[in-house]
Structures are given as structure tokens and as C-alpha cells.
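Please look at the sequence and the structure before reading on.

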Amino acid sequence: PTATVLDIKALFHKSYPKWYPARQSLRLDPKAKCLRDEEVLQTLPVGTTASFYFSDLGPQLTWGTVFLSECVGPLIIYLMFYFRLPFIYSPKYDFTTSKHWIVHLACMCHSFHYIKRILETMFVHRISHGTMPLRNIFKNCGYYWCTAAWMAYYINHPLYTPPYYGQQQVNTGLYIFLFCQVGNFSIHVALRNLKLPGSKAKKIPYPTKNPFTWIFWLVSCPNYTYEVGSWIGFTVMTQCVPVAFFTLVAFIQMTVWAKGKHRGYLKEFRDYPTLRSSILPFIL
Amino acid sequence: MASSEEDGTVEEKENNNKKRTISTLATAWLTFYNIAMTAGWLVLAMAMMRFYIQKGTHKGLYRSIARTLKFFQTFALVEVGHCAIGIVRTSVIVTGVQVCSRIFMVWFITNSIRQIQSEESVILFLVVWTVTEITRYSYYTFNLLHHLPYFIKWARYNLFIVLYPLGVVGELMTIYAALPFVRRSGMYSMRLPNVYNVSFDYYYCLIVVMLSYIPLFPQLYFHMLRQRRKVLHGEVIVEKDD
């Protein structure tokens with residue numbers, strides 16, 4: 001009586017070991033939407049027997065695996081450029097270090113950002129989706145790794161030019177960056193505390209005692225807001241066009257995600273606060 | 001690259017149960033646009049033939065038609081707008097890629113690099129483009145007016161088989177011929193050190209563009225072949241489920 005779609009998938013897996021449950025997509029109709037694992041069989045609109053249509057989603061990877069590989073790559077790649085490993089720049093610069101303080105600072109910030117992300121993926125995030133297709137990991141990692149290499153190449157280049165407004169500009173960028181990193185972390189912790197382990201119930205996030213979460217009054221997805229802020233800080237700090245480009249693309253992508261989430265919230269909760277926008281307070 | 005859009009007009013399709021019609025205003029505008037573009041490319045064709053007959057050589061031919069070519073090819077940008085607002089049922093990205101590659105050839109290669117304007121490959125792709133565009137725009141015009149002669153349909157879906165590869169050859173040869181001049185002049189390039197901490201080498205960019213033809217050309221070519229089978233022979237192609 002409480003059998004779910006997941007049980008069907010397990011039985012299917014027993015007969016066909018190749019298609020593990022995460023890879024199966026079962027529908028009641030070839031054109032209908034995919035059935036979720038938790039749906040109880042008795043509630044489905046069928047009679048005493050039912051036919052399911054199966055499609056193969058391809059090899060799957062857990063979201064955790066994907067996040068980790070997306071973050072470890074840029075971390076290592078940036079350091080390769082920072083230490084000026086051979087074959088990147090002219091041989092006379094191999095293993096030298098930059099004379100600009102800003103370059104060391106940028107390396108610390110960049111590495112801190114990705115180490116923080118790796119630790120969050122391991123200990124803080126509660127990921128509700130199970131898996132994603134294998135192709136995604138190549139696409140995502142390719143993008144993150146290539147842009148990291150592109151940025152790192154110019155920041156650690158022997159001919160790098162420090163920012164126009166000097167130390168003032170670097171400090172401003174640094175403060176913005178650090179502020180947003182702390183903010184981003186606070187939001188992740190707040191979101192984690194919303195969900196009880198194992199439950200898939202959704203709840204509206206609200207501001208807590210932490211001042212960094214007070215932005216929840218104005219924004220649905222402040223983690224993205226803080227992320228964009230961090231990268232803007234990094235751009236100001238390094239004054240580097242590839243970084244600006246990366247920030248812009250990240251902003252566009254996160255806005256798309258934020259709008260999706262915001263719409264999801266509005267659909268799910270009748271009493272969702274009306275003052276909130278998706279990513280930029282009052283603007284977007 | 002030669003255009004390879006699907007049949008773009010939004011009309012009641014015979015095989016389709018979905019009926020999507022566009023407003024009279026949109027139809028009027030599209031008809032006007034397609035007639036104007038057909039006329040424009042006809043003018044180009046006439047001008048090219050006249051030049052060759054009068055002068056007997058292709059040297060200087062590009063200079064004589066450059067302004068008209070730039071005007072009509074650039075004006076094709078509105079087609080992206082048509083797809084975006086939905087009066088033409090083609091993907092914005094496909095049209096965007098087509099138009100951008102044409103604009104790239106016209107403005108960033110032949111317009112900027114004077115020395116290659118008398119190359120034979122330029123004439124090759126100009127002829128290919130002219131024939132393709134006249135066929136394509138007259139096809140759209142007749143389609144909108146519901147009086148499509150079979151030979152136009154035949155031309156549109158058969159000529160590309162030869163014209164498309166020829167056009168690609170012409171374009172690639174032109175870019176290849178332009179490379180030494182780009183390298184020597186260092187045009188459109190930016191070197192370190194500079195305030196923005198970025199560098200760009202147009203020479204290597206062109207090499208990447210040439211290499212990108214390798215994956216893109218077959219995809220577009222086979223797309224057109226599939227369209228051809230669907231339109232001319234009414235075959236239903238079963239797409240692989242991703």
C-alpha cells in the first residue's frame with residue numbers, strides 16, 4: 001500500500017543490472033513528465049495494471065561529485081599559474097614570483113574562495129537532487145576550469161599591471177570580497193538549518209540573528225547575490241578584463257537560477273513575502 | 001556560411017496539427033522585407049555580372065559592389081529580430097550564428113583587409129551567397145503569398161548541396177589568404193602590458209575561426225539535408241531521443 005515508484009525502479013534494476021535506479025526515467029505516457037521516486041503507486045491515475053514507459057537518462061553522477069570536481073580544478077589550476085610552472089610563460093620566468101603584493105593577495109582570495117566552496121560542499125550543503133547526467137560534468141568543469149586558467153594567466157603574468165588607483169582600489173575590492181564571502185557562508189548555513197536531515201519538505205527562508213542574513217527581507221536567493229558581490233570585489237581588486245567577463249557570465253547564470261528558484265517559491269507558498277526580488281533588491 | 005534555416009514562415013503547415021498564424025501586419029512586413037532582400041541581392045548579381053562583362057577581370061569587382069553588399073548583408077540582422085519576436089519560426093541561435101558568420105566575413109575580413117579583396121576566393125563566396133540568398137528570399141516571398149512555384153522550392157532545397165560546400169571553401173580560402181596580412185599589421189590585437197590586463201591576438205582568433213568550421217559545417221549541412229528529405233519527400237525523420 002505504501003509502495004512507491006522507487007520500489008519499481010529497484011525491481012527493474014534487479015532484472016537489468018545496467019540501469020541503476022538513478023538512471024531510470026519512468027513515465028505513464030511517452031509524452032508525460034517523469035515520475036518522481038517518492039510518488040506512492042496507489043495515487044497514480046491508473047487501474048489495476050499500469051504500463052510504464054522507460055527511458056535511459058545516461059550515466060549519472062551525484063551532484064556532490066560534480067561540485068567537488070568543479071571546484072578542485074580551478075583551485076589547482078590557479079596555483080599552477082601562480083607558481084609559474086614551466087611552459088606557461090617565457091622560460092626565464094619559470095618558478096619566479098611576482099613583485100606585486102596584489103598578485104599574492106589575489107591568489108589567497110581565489111584559493112580561499114574555492115577551499116571554502118569545497119568545505120561547504122562536504123559539510124554544509126544539503127543537496128536535495130540526486131544525480132545529474134555525465135555530460136554535464138564535462139560541460140561545467142570545462143567552463144570553470146577554462147575561465148580559471150584564463151583569469152590566472154593574466155593575473156600572474158610577469159607583465160601584469162597593478163590597478164590604476166593603487167592600494168585604495170585593492171583595499172576596496174578586498175573588503176567587498178571578504179564581506180560577501182562571509183555573507184555567502186552565512187546564507188549557506190541558514191539554508192542548511194532550514195532543512196531537517198532526510199526530509200524533502202520545503203520551507204521559506206527567513207532572516208536570523210546573523211546580520212548577514214537580514215538581506216532575506218529583500219532577496220530570495222542572497223547566496224547568489226553575495227557570490228556576485230564577491231566576484232565584483234575580486235574584479236575591482238585585480239582590474240583584469242577576463243575576471244570582469246567571468247563575473248558578468250556568472251551574474252547572468254545566477255540570475256537565471258535565482259529567477260527559477262524565486263518562481264518556485266512563489267508557486268509553492270501562497271504567503272510568500274511580496275517585498276522580495278530574486279537576486280538584486282528591488283531590481284531583478 | 002550559407003544560410004540553412006528551416007522553412008521560416010509561420011503559416012498553417014499541412015502536416016502540423018498546431019495552427020499558428022501571425023498578424024496581417026507581420027505578414028505584410030515580412031513580405032516587404034523578403035521582396036526587398038530578393039531585389040537587393042538581384043541588384044548585386046547584376047552589378048557583379050556587369051562589372052565582369054565590362055572589365056573582363058575580377059580585380060576591383062569587390063570594391064565596386066562593397067557598399068551594396070555591406071548594406072544588404074548587415075540588414076539581414078533583422079532576421080534575428082524576427083525569430084526573437086516569434087513571427088518567424090526558427091531558432092534565434094541558428095539564425096544568429098548564420099547572420100553573424102556572414103557579418104564577420106563582410107566586415108572583419110573583406111572590409112578590413114584590403115589586400116585580399118582581389119582574391120578569387122572572394123568572388124567564389126560572393127557568387128555562392130548571391131545565388132543562395134536570391135533563392136532563399138524569393139522562396140520566402142512566394143511562400144508568404146501562397147504561390148510557391150515548384151522550381152523555387154526545388155532550387156532552395158537542392159542547390160545548397162553544391163553551393164554550401166563551395167561557399168565554405170571560398171570563405172576558408174579567403175581567411176587563409178588574409179592571415180599573413182593580419183600577422184604583419186597586428187590589426188585588432190592587444191598586447192600586454194596594458195591597463196586592462198588582457199591580450200587578444202586576431203591572428204590566432206582567425207585560426208580558431210577556421211578550425212571551428214570543422215565541427216559546425218557538417219552539423220548545418222546535415223540539418224539542411226534532413227530538412228530537404230522532410231520537405232521534398234515528406235519523409236518523417238525519427239530523431240534520436242537524447
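## A serine in a loop of chain A

A polar contact of 3.0 Å joins the side chains of A:S220 and A:Y272, where a polar contact is a pair of N or O atoms within 3.5 Å, one of which, within protein, must be able to donate a hydrogen and the other to accept it, and where residues adjacent in sequence count only if both atoms are side-chain atoms. This is a predicted model, in which local features need pLDDT of at least 70 and side-chain atom pairs count only at pLDDT 80 or more, while totals for chains, interfaces and linings use all residues. Residues are numbered from 1 along each chain as its sequence is written, chains are lettered from A and ligands numbered from 1 in the order in which they are written, and side-chain values use heavy atoms, with hydrogens and water left out.

A:S220 sits in the loop between α5 (166-194) and α6 (222-238) of chain A; helices here are DSSP runs (H or I, at least four residues), as are strands (E, at least two), numbered from the N terminus. With a relative accessible area of 4%, A:S220 is buried, a word used for values under 20%, against exposed for over 50% and partly exposed in between (1.4 Å probe, protein chains only). Leaving aside residues up to four places away in sequence, A:S220 touches A:H262, A:Y265, A:Y272, A:R276, A:S277 and A:S278, contact meaning heavy atoms within 4.5 Å.

Over all chains the structure holds five salt bridges, each defined as a side-chain nitrogen of Lys or Arg within 4 Å of a carboxyl oxygen of Asp or Glu.

| Salt bridge | N to O distance |
|---|---|
| B:R136 and B:E79 | 3.3 Å |
| B:R102 and B:E133 | 3.3 Å |
| B:R136 and B:E133 | 3.1 Å |

The side chains of B:R136 and B:E79 meet in a salt bridge, and this pair links distant parts of the chain, 57 residues apart, with B:R136 in helix α5 (residues 120-144) and B:E79 in helix α3 (residues 78-85) of chain B. The salt bridge between B:R102 and B:E133 runs from helix α4 (residues 92-110) to helix α5 of chain B, so the pair ties together parts that are 31 residues apart in sequence. B:R136 and B:E133, by contrast, both lie in helix α5 of chain B, three residues apart, or about one turn of the helix. B:R136 counts as buried at 3% relative accessibility, and B:E133 counts as buried at 1%. Through shared partners, salt bridges join B:E79, B:R102, B:E133 and B:R136 into one network.

## Where the chains meet

How many residues does each chain bring to the contact? Chain A gives eleven residues and chain B gives nine residues. The area buried between chain A and chain B is about 900 Å², of which carbon and sulfur atoms give 56%; buried area is the accessible area (1.4 Å probe) that two parts lose on being put together, summed over both. Between the two chains there are zero salt bridges, but six residue pairs are in polar contact, both residues being at pLDDT 80 or more. On the side of chain A that touches chain B, the elements giving two or more residues are α4 (134-155) and α7 (241-268) of chain A.
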